[in-house]
Amino acid sequence: QPSPFKALALGKFKQNTSCVCNDPIHRHHCAHLGFPHPAARLAAFKVYGKPSLAAALSRPVLKDIGDIATREQFDLIHVFRGYLAGVAEATPAGTPLSIDLDEDDRASWQSQAAEHERRGNTTTGAWAQAEAEASARNLESWAGRYVASFAASREDARQLSLRHDGLACTD
């Protein structure tokens with residue numbers, strides 16, 4: 001019998017590991033974390049506290065980034081997405097960092113949450129709202145480490161600069 005994660009990949013679910021919603025993000029967390037109930041998955045995600053895409057920045061990955069940044073002594077390190085803002089944790093103090101936020105992730109997730117709620121999919125809406133909150137916390141945690149940040153629009157840059165103290169964002 002495949003693990004719940006392999007079952008997810010194969011699209012085969014047993015009753016005790018299946019999700020009650022059709023959202024692939026929820027199914028992933030259901031299988032990967034072993035929480036069969038959406039409320040349990042959402043509670044676990046809120047405790048995790050970071051955007052789900054930030055999971056790629058594991059301790060070993062951050063260590064590797066720190067080792068490379070220390071060895072190479074870069075003049076500037078550019079981070080290409082807001083959910084990767086935690087790269088700042090691994091970089092040597094004094095190394096200038098810049099970040100391309102593209103869009104306001106919090107606003108984007110909140111927009112998705114509102115749309116899911118409007119359509120009656122409260123489970124997915126609650127997850128998207130939790131992603132919005134995690135995105136805002138993640139960026140707030142590291143905003144002061146970035147000497148420059150960029151957004152795709154003037155309005156996103158303005159909103160991000162207002163919301164995150166120490167973040168000088170431009171479009």
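1. **Before you start.** This is a predicted model, in which local features need pLDDT of at least 70, side-chain atom pairs count only at pLDDT 80 or more, and totals for chains, interfaces and linings use all residues. Residues are numbered from 1 along each chain as its sequence is written, and side-chain values use heavy atoms, with hydrogens and water left out.

2. **The sheet.** Strands (E, at least two residues) and helices (H or I, at least four) are DSSP runs numbered from the N terminus, and two strands pair if DSSP finds at least two bridges between them.

3. **Bridges, strand by strand.** β1 and β2 run parallel and are joined by 3 bridges; here I77 has L97 in β2 as its bridge partner. Between β2 and β3, also parallel, there are 5 bridges, and D100 stands opposite F150 in β3. F150 in turn stands opposite T170 in β4, where β3 and β4 pair in the parallel sense over 2 bridges.

4. **The largest core.** A nonpolar core is a set of buried Ala, Val, Leu, Ile, Met, Phe, Trp, Tyr and Cys residues joined through side-chain atoms within 4.5 Å. The largest one has 20 residues, and I99, L101, L139, Y146, L160, L167 and C169 touch the most other members. At least two residues each come from α4 (59–72), β1 (77–79), β2 (97–102), β3 (146–151) and α7 (154–163), with β2 giving the largest share, 3 residues. A second, separate core of 5 residues includes L42, F45, A130 and A134.

5. **L139 up close.** Which residues does L139 touch, not counting those up to four places away in sequence? They are A85, L101, L160, H164 and L167, where contact means heavy atoms within 4.5 Å.

6. **L84 in its loop.** L84 lies in the loop between β1 and β2. Its relative accessible area is 21%, which makes L84 partly exposed (buried means under 20%, exposed over 50%, partly exposed in between, with a 1.4 Å probe and protein chains only). Beyond its neighbours within four places in sequence, L84 is in contact with L57, V79 and Y146. The C-alpha atoms of L84 and L101 are 9.5 Å apart, and the two residues are separated by 17 residues along the chain.

7. **α3 with α6.** The axes of α3 (residues 38–48) and α6 (residues 122–142) come within 10 Å and cross at roughly 5 degrees. Axes are lines fitted to C-alpha atoms, for helices over the stretch in contact, and angles run from 0 to 180 degrees between N-to-C directions. The two helices are therefore roughly parallel (under 35 degrees; over 145 is roughly antiparallel, 65 to 115 roughly perpendicular and the rest oblique). The contact involves P38, R41, L42, F45 and K46 of α3, and T123, A126, W127, A130, E131, A134 and R137 of α6.

8. **α5 with α6.** Helix α5 (residues 105–118) packs on α6 at about 170 degrees, with the axes 8 Å apart, which makes this pair roughly antiparallel. Among the contact residues are W109 and H116 of α5 and G125 and Q129 of α6.
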